[in-house]
Amino acid sequence: MLVKNPKFEISAVSPKQYPKNNLPEIVLVGKSNVGKSSFINTMINRKNLARTSSEPGKTRQINFYNIDNVFYFVDLPGYGFSKMSKKEQEQVGKFIEEYLFNRKQISLIIFLIDIRHSPTENDRLMYNYIISSKLPFIILANKADKIAITKVDDTVRYLQKELNPIGDIPTFPFSSERKIYKDKIWKHIDEII
Ligand SMILES: Nc1nc2c(ncn2[C@@H]2O[C@H](COP(=O)(O)OP(=O)(O)O)[C@@H](O)[C@H]2O)c(=O)[nH]1
Ligand SMILES: [Mg+2]
């Protein structure tokens, strides 16, 4: 898809504020600072439409980006930010749950992990959670620019095995620094919307 007119629509703090139309939603899930907002900017060729932050854990809302009135990118709050209190983490968890388990128009979940590290405890919890939701999803091993390009394919295979030993969940490398992995993800999205 050639994106022409992406717009920030709303930062929702409660389900009442979610968009009322029935456009499909493609949801970014992953720990704080893994690159969810950067992913959106990279896919739509905008520097800063989705708010990125070097201060992880700041976004506590669900941000909806209307992509040419065809679908939404939905930026969920990150989990597992260590500076959040337990109570705050629980609140964020409930907030994510409320959206993921009730929203009918979710077409795809894009689950981001960091290519440099084995999945964290929270990543595994989130993975199991997504599996139990039965929603379609893919895994992206992000920040692929941070490792040698010759190691990318092997690392992606290793990470997929760690999370998804059966190997039925499509898993791709991604990097907002290097734009080379974008086309494959667009192809996947185009098939869905
Ligand atoms: N090297 C590198 N840095 C990235 C990449 N994606 C995001 N970042 C950086 O990681 C930090 C967090 O990114 P952000 O998109 O705000 O993460 P979010 O909390 O998941 O939304 C920012 O400093 C980004 O510039 C990537 O693919 N490669
Ligand atoms: Mg963000």
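## Strand pairing

Two strands count as paired if DSSP finds at least two bridges between them. The model described here is a predicted one. In it, strand β2 (residues 25-30) and strand β4 (residues 71-75) run parallel and are joined by 4 bridges. Within this pair, E25 stands opposite Y72 of β4. Strand β4 also pairs with β3, in the antiparallel sense and over 5 bridges. There, N66 has Y72 in β4 as its bridge partner.

## The sheet as a whole

An open sheet is formed by 7 strands, in the order β1-β3-β4-β2-β5-β6-β7, and the pairing is mixed. At the edges stand β1 (6-12) and β7 (171-173); each has a single partner strand, so one side of each is left without a neighbour in the sheet. On average, neighbouring strands of this sheet are turned by 25° against each other, direction ignored.

Strand β4 is mostly covered, with 5 of its 5 residues buried. From β4, F71, F73 and D75 point one way, whereas Y72 and V74 point the other way, and all are buried.

## The hairpin of β3 and β4

The hairpin of β3 and β4 has 3 residues between the strands, and D68 takes a positive phi near 55° in it. D68 lies in the loop between β3 and β4.

Leaving aside residues up to four places away in sequence, D68 touches V3, K4, N5 and P6. D68 and K7 are 61 residues apart in sequence, while their C-alpha atoms are 7.7 Å apart in space.

In soluble globular proteins, nonpolar side chains tend to be buried together. The largest nonpolar core of this model has 37 residues, of which V27, L28, V74, I110 and F111 touch the most other members. At least two residues of this core are supplied by each of β2, α1, β3 (62-67), β4, α2 (86-102), β5 (106-114), α3 (121-133) and β6 (137-142). Strand β5 gives the largest share, 6 residues.

Not counting residues up to four places away in sequence, V27 touches V74, L76, I106, I109 and I110.

## A buried residue in a loop

F174 is located in the loop between β7 and α5 (182-192). This residue is buried, because 27 other C-beta atoms lie within 10 Å and the threshold for burial is 20 or more. With residues up to four places away in sequence left out, F174 touches F39, L140, A141, N142, A144, Y181 and I185. The C-alpha atoms of F174 and I44 are separated by 14 Å, and these residues are 130 residues apart along the chain.

Which residues come nearest to ligand 1? Of the 20 residues around ligand 1, these are G35, K36, S37, S38 and T52. Helix α1 (residues 36-43) contributes the largest share of the shell, 3 residues.

Technical notes. Residues numbered from 1 in each chain as written. Chains lettered and ligands numbered in written order. Predicted model: local features only at pLDDT ≥ 70, side-chain atom pairs only at ≥ 80, totals over all residues. Near = placed C-beta within 6 Å. Axes fitted to C-alpha atoms, helices over the stretch in contact; angles between N-to-C directions. Core = buried A, V, L, I, M, F, W, Y, C linked by C-beta atoms within 7 Å. Buried ≥ 20, exposed ≤ 12 C-beta atoms within 10 Å, placed from the backbone. Contact = placed C-beta atoms within 7 Å.
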